[in-house]
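Subject: Structure handover

Hello,

Here is the structure for you to look over. My notes follow below it.

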Amino acid sequence: MSGSSSQGSLHALADRWLPKLVLSPTLAASLIFVYGFIAWTGWLSFTESRLMPRYEWAGFVQYQALFENERWWTTAANLGIFGGLFILFCLLVGLLMAVLLDQKIRAEGALRTVYLYPMALSFVVTGTAWKWMLNPDMGLQKVVVDLGFTDFTFDWLVNPDMAIYTVVIAGVWQSSGFVMALFLAGLRGIDDSIIKAAQVDGASLPTIYRRILIPSLRPVFFSVLLILSHIAIKSFDLVMALTGGGPGNSSDVPAIFMYQFAFTRGQLGVGAASAMMMLITIVAVLVPLMYMETRSAKRV
Amino acid sequence: MAALSINNVCKTYANGTDVLKGINIAIGDGEFLILVGPSGCGKSTLLNMIAGLDDISSGDIAIGNKRVNELSPKDRDIAMVFQSYALYPSMTVRENISFGLEIRKTPRAEIDATVKRVAEMLQITHLLERKPGQMSGGQRQRVAMGRALARNPAIFLFDEPLSNLDAKLRVEMRTEIKLMHQRLKSTIVYVTHDQIEAMTLGDKIAVMKDGIVQQFGSPQDIYDNPANLFVAGFIGSPSMNFIPATVVQSGSDIGVKICDDNGCVVLPLPHDKAKLAAFVGKEVIFGIRPEQITDARTAHRDGLPVMACHIDVIEPTGPDTLVFVSLNNTKVCCRTHPTEAKYPGESMELVFDVSKAVLFDPATEARIV
Amino acid sequence: MFKNLTVGRALVYAALLLMAIYYLLPLYVMLTTSFKSLDDIREGNMLALPQLWQGGAWSKAWAEACTGVECNGMQGFFWNSIKMTLPAVAISTLLGAVNGYVVSMWRFKGSDALFTMLLVGCFIPFQVVLLPMAQLLGLLGLANTTAGLVLVHVVYGTAFTTLFFRNFYITVPDELVKAARIDGAGFWTIFLRILLPISGPIFVVCIIWQFTQIWNDFLFGVVFAAGESQPITVALNNLVNTSTGVKEYNVDMAAAIIAALPTLFVYMVAGRYFVRGLTAGAVKG
Ligand SMILES: Nc1ncnc2c1ncn2[C@@H]1O[C@H](COP(=O)(O)OP(=O)(O)OP(=O)(O)O)[C@@H](O)[C@H]1O
Ligand SMILES: [Mg+2]
């Protein structure tokens with residue numbers, strides 16, 4: 001009798017502790033590798049670390065160096081241009097394709113497959129492909145010139161003023177299909193009877209989309225914005241593969257700046273400071289977005 | 001089989017909500033206990049605590065004289081049927097029924113015999129190799145019962161087991177559960193919303209609200225002698241009429257004054273005069289069930305007060321016709337014989353059987369007499 | 001009316017087709033270029049089909065192309081990526097499954113807060129952990145090893161896999177676990193006998209997601225692995241940006257396709273789950 005009851009409390013004990021025990025390795029990893037490392041990077045950004053990490057407090061010298069570095073501001077401006085246009089065009093193209101695909105299209109499955117496959121590719125592959133296509137000597141420019149438009153130039157890839165826009169082209173190519181998929185899923189999730197009711201009310205198809213369907217995609221907009229801005233701020237591989245940040249520093253972005261200062265130039269402190277700035281940027285963009293999203297979710 | 005006693009049980013969730021505030025219930029071996037109450041009153045919480053699925057914040061639960069507070073569900077010797085049935089989706093009916101026995105390391109031959117016996121009893125033998133996804137709601141419900149029956153536990157716990165069935169099936173299953181209880185003499189705790197289930201199945205009913213047992217007793221006792229306004233209104237369908245009224249002294253009688261458009265009468269109350277006297281001149285709530293306001297033919301008792309009332313609406317239900325009138329500006333339901341009922345707009349003589357009427361204090365909602 | 005309708009539909013189809021061309025063009029150009037000779041590339045049109053189909057660029061990309069100082073093609077790096085991706089996917093998926101099971105079915109005081117804490121790992125820019133991670137891998141002797149990369153991918157992938165499984169298990173009724181506990185099953189029995197058998201779809205989604213993420217990763221590869229042990233994405237970038245000798249575009253393209261093949265294959269075979277993975281990743285907890 002007492003044997004069975006002590007075994008009983010053993011079961012109860014196991015069920016009580018096992019879940020916590022099972023979760024603890026991941027939690028420990030998160031504490032160390034996410035929170036601990038952020039703190040570590042934060043600390044480095046307040047030291048004089050150069051080639052080797054040093055841990056004496058040095059105040060804001062690295063941030064000062066960062067803000068006095070013209071190249072940093074170039075990357076910031078590029079991030080603004082790239083991020084803004086990338087998000088804008090992904091949204092426009094994605095929404096347009098979702099609406100068009102929503103018209104009971106015959107080969108919808110095949111078209112969706114075509115629009116979405118770039119998402120399966122590495123940004124490095126995307127960059128390599130577009131680097132070749134945009135090559136002024138042998139790429140699209142040559143194709144158009146061969147067609148007889150001998151004055152045609154399309155040299156954005158090697159033009160310092162325009163190089164960042166090629167990143168936008170390749171980025172939109174890679175990610176807009178995914179945006180389309182999200183919007184399409186959103187459109188399909190809308191209750192059919194709403195559309196029927198609007199039709200009975202005599203609304204035309206464009207009106208139904210403009211006034212009823214697209215506004216009800218609001219939560220999807222937030223998710224998409226969240227993901228796209230995340231991709232934009234972290235973007236590294238695409239730029240590396242497509243332009244390498246060049247010509248010169250003209251298409252440089254913060255992620256490349258951070259990588260080069262931290263790992264190839266031996267300026268750990270500046271690298272750490274730039275990483276912290278990226279973190280702050282992401283927090284500044286994501287937190288308000290998430291806040292708005294949860295608020296809009298509550299209202300719906 | 002075993003008795004169950006619940007002593008001063010409280011439950012506070014992690015977020016600070018007090019769901020149960022001192023529950024005391026005791027039932028004997030083989031009794032059928034019903035827990036009823038409005039949604040969110042803590043019925044499922046109490047059931048989960050009996051099962052060991054939720055921690056007990058304070059108080060004790062004992063099954064067959066053995067305190068089980070610290071025991072895990074596995075060691076409490078209970079079986080449970082859920083509202084959603086909770087059949088394991090990846091297992092066949094046979095596997096669903098035998099899972100608990102398997103875990104308890106019952107010999108294979110015994111498991112097979114038990115599955116066979118239970119399946120025959122519930123007439124689901126032909127379903128044994130199916131998966132839950134391939135069955136109707138009623139069939140799933142039977143399997144869920146089968147899973148509980150296979151274990152032959154000390155106590156069965158049912159959490160609204162019939163609420164997902166359609167009306168006809170629900171009535172059938174209700175009878176089957178009653179039969180099963182009579183045959184197996186098992187101890188059962190049964191949660192329901194449905195007060196017909198509560199009345200027909202239970203040996204004892206605990207009416208709960210706001211984490212407190214409002215009344216605990218036999219179904220008839222609760223029906224006839226509700227402890228307060230809430231219980232009176234919750235049990236019975238159509239529910240008891242609550243008419244705001246003034247207590248008046250008329251001659252040697254004490255009664256309540258009831259008016260409609262035609263005028264007023266005083267219904268003399270045969271209750272304890274000493275208690276009533278204190279309320280003369282005060283507002284009370286006069287509670288009277290629909291079957292206690294009826295036509296002369298149905299009442300077939302003399303000497304009851306009669307009043308001619310103006311009919312607003314009638315609702316024929318088949319065996320009876322419900323007649324709605326306005327008394328003291330309150331809509332009142334009366335149960336009359338179909339052939340005796342008059343039509344809306346007409347006037348009808350209604351007989352008030354005040355012997356079972358009850359009075360409540362409007363402020364505390366407690367029973368006066 | 002009817003005529004208008006068909007004109008409208010024709011426009012819709014035309015627009016969709018045009019977009020399809022935009023998406024397919026790079027793949028077409030990559031494929032055709034990879035089969036062209038260098039002369040063909042220099043003289044011909046980028047959009048033209050090869051004058052003579054030849055696979056030389058492919059064998060060169062696979063076995064001889066120079067990625068920095070080494071000239072052994074992509075083959076070694078392809079296997080590096082496999083050796084990195086398979087264990088990392090397996091470990092992170094299993095961890096995610098168990099974690100998701102705990103945070104959805106065995107909630108305890110503070111478990112929601114802990115889950116939110118884990119989720120933050122999905123949103124940080126990884127730049128912010130690169131420096132300490134490099135230090136730590138150095139200390140552990142894992143710098144420039146595949147094992148080190150596996151560790152990194154498991155650590156930062158588990159937040160996503162936990163989210164996936166949590167969002168899946170949260171749709172499974174609690175009562176299933178309650179019923180199993182009453183039947184006498186414990187923590188692991190419930191997981192293995194009740195939940196795993198119904199988790200097939202989410203495993204597929206999660207595996208596909210992790211596979212594409214880890215295979216396609218460049219940042220961790222370039223920072224934590226060099227030379228011998230680098231993954232294929234890094235090797236591809238080195239190959240394309242090696243500035244010595246004649247630029248062999250056909251080899252570049254063949255190498256790029258080789259790097260893309262595994263994920264493209266997964267996409268073609270399990271596209272439905274791939275899309276579900278992407279969209280599931282988009283819905284935050
Ligand atoms: N895990 C929890 N944390 C906090 N509050 C809870 C939790 N579970 C239940 N509650 C609250 O406890 C109260 C009682 O819940 P319970 O499920 O016991 O109600 P019920 O009487 O079974 O209702 P119903 O008839 O709808 O099934 C509810 O108000 C509910 O919101
Ligand atoms: Mg309940």
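A salt bridge here is a side-chain nitrogen of Lys or Arg within 4 Å of a carboxyl oxygen of Asp or Glu. Between chain A and chain C the count is zero.

Ground rules. This is a predicted model: local features need pLDDT of at least 70, side-chain atom pairs count only at pLDDT 80 or more, and totals for chains, interfaces and linings use all residues. Residues are numbered from 1 along each chain as its sequence is written, chains are lettered from A and ligands numbered from 1 in the order written, and side-chain values use heavy atoms, without hydrogens and water.

The A–C interface. Contact (heavy atoms within 4.5 Å) involves 89 residues from chain A and 83 residues from chain C. Buried area (accessible area, 1.4 Å probe, lost on putting two parts together, summed over both) is about 7700 Å². Carbon and sulfur atoms give 77% of that. In chain A, F33(A), Y117(A) and W132(A) lose the most area to chain C, together 9% of what that side buries. Helix 1 (residues 2-44) of chain A supplies the largest share of the side touching chain C, 18 residues. Helices are DSSP runs of H or I, at least four residues, numbered from the N terminus. That side of chain A divides into 63 nonpolar (Ala, Val, Leu, Ile, Met, Phe, Trp, Tyr, Cys and Pro), 15 polar (the others, Gly among them) and eleven charged residues (Asp, Glu, Lys and Arg).

Best wishes

Technical notes
Helix = DSSP H or I, 4+ residues; strand = E, 2+ residues; numbered from the N terminus.
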